[in-house]
Amino acid sequence: MTRLRAICAAVALVCASGQALAATASHEASAVAFLKLAHADQLGAPIYMQAQQMFAQRFAETKAPDSKKAVLEKYQAQANAALDKAIGWDKLQPDMVKLYTDNFSEQELKDLVAFYQSPLGKKVQAKMPQISQQSFQMTQEKLQPAVPVVTGLLESMTKELVPAGTKGAAPAAPAKKP
């Protein structure tokens with residue numbers, strides 16, 4: 001009788017683990033569908049663009065002739081390859097799927113997919129980059145009056161912490177670990 005119970009328990013565990021794996025796969029598939037609709041594979045695009053601009057700027061600063069443009073393009077391609085190794089979608093996707101499955105239930109992800117497939121969801125997706133940029137600019141403009149105040153506070157704190165007549169202490173080096 002004990003042997004029969006052990007066999008039944010083992011069969012039940014196998015069935016339960018199979019169902020758990022299927023549920024996990026379905027949950028992950030919902031996350032993948034959402035990430036595709038959200039164009040998450042384009043998250044790294046600004047970083048690539050920034051790297052390209054850095055190389056183009058350095059090329060311009062060196063006043064290299066146009067005949068050397070192939071050198072610029074070679075290094076830009078190498079930078080893209082290095083970025084692909086670090087943040088290519090194939091590197092980010094597994095972590096992004098985990099991030100979304102950890103934070104959203106399968107049903108919530110399905111609801112997000114449905115929303116992004118709706119006319120309103122498509123409009124949100126189309127408008128969001130522009131709205132985000134405008135929000136950033138608006139915040140930067142509103143921040144301007146606070147910059148001198150915060151800078152003044154920083155200077156006041158420094159004066160209070162550094163004794164008069166000294167040039168100020170350099171930040172302490174981090175303690176070395178034995």
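1. A quick word on terms: helices here are DSSP runs of H or I with at least four residues, and strands are runs of E with at least two. On that basis the protein chain has seven helices and zero strands, so the elements, read from the N terminus, are simply α-α-α-α-α-α-α. Keep in mind that this is a predicted model.

2. Overall numbers next. The protein chain has 178 residues, and 13% of them count as buried. Its accessible surface is about 14300 Å², with 64% of that belonging to carbon and sulfur atoms. Looking at contacts with a separation of 6 or more, 68% are between residues 24 or more positions apart.

3. Which residues make up the largest nonpolar core? There are nine: Ala31, Phe34, Leu35, Ala40, Met96, Val97, Leu109, Val113 and Tyr116. Helices α1, α4 (89–103) and α5 are the elements that each give two or more residues to this core.

4. Leu109, one of those core residues, is worth a click in the viewer. Leaving aside residues up to four places away in sequence, Leu109 touches His27, Ser30, Ala31, Phe34, Tyr100, Thr101 and Phe104.

5. Now the aromatics. The structure holds four aromatic pairs. Take Phe34 and Tyr116: their ring centres are 5.4 Å apart and the planes sit at 70 degrees, so this pair is edge-to-face, the cut-off being over 60. Phe34 belongs to helix α1 (residues 2–37) and Tyr116 to helix α5 (residues 106–117), so the pair ties together parts that are 82 residues apart in sequence. Both Phe34 and Tyr116 are buried.

6. Tyr116 also pairs with Phe115; here the centres are 5.6 Å apart and the planes at 85 degrees, so this one is edge-to-face as well. Phe115, at 33%, counts as partly exposed.

7. Zooming out, Phe34, Tyr100, Phe104, Phe115 and Tyr116 form one aromatic cluster. Two of its members, Phe34 and Tyr116, are in the nonpolar core as well.

8. Last, helix α6 (residues 119–143). With 25 residues, α6 reaches 35 Å from its first C-alpha to its last, close to the 36 Å expected at 1.5 Å a residue. Where does α6 bend? The bend is at Met128, by about 45 degrees, and a proline, Pro129, follows within four residues.

Key
Residues numbered from 1 in each chain as written. Predicted model: local features only at pLDDT ≥ 70, side-chain atom pairs only at ≥ 80, totals over all residues. Heavy atoms only, no water. Phe/Tyr/Trp six-rings, centres within 6.5 Å; stacked < 30°, edge-to-face > 60°. Buried < 20%, exposed > 50% of the residue type's maximum accessible area, 1.4 Å probe, protein only. Expected span 1.5 Å × (residues − 1). Bend = angle between axes of the 7 residues up to and from the residue. Core = buried A, V, L, I, M, F, W, Y, C linked by side-chain atoms within 4.5 Å. Contact = heavy atoms within 4.5 Å. Areas by Shrake-Rupley, 256 points an atom, 1.4 Å probe, with all protein chains shown as cover.
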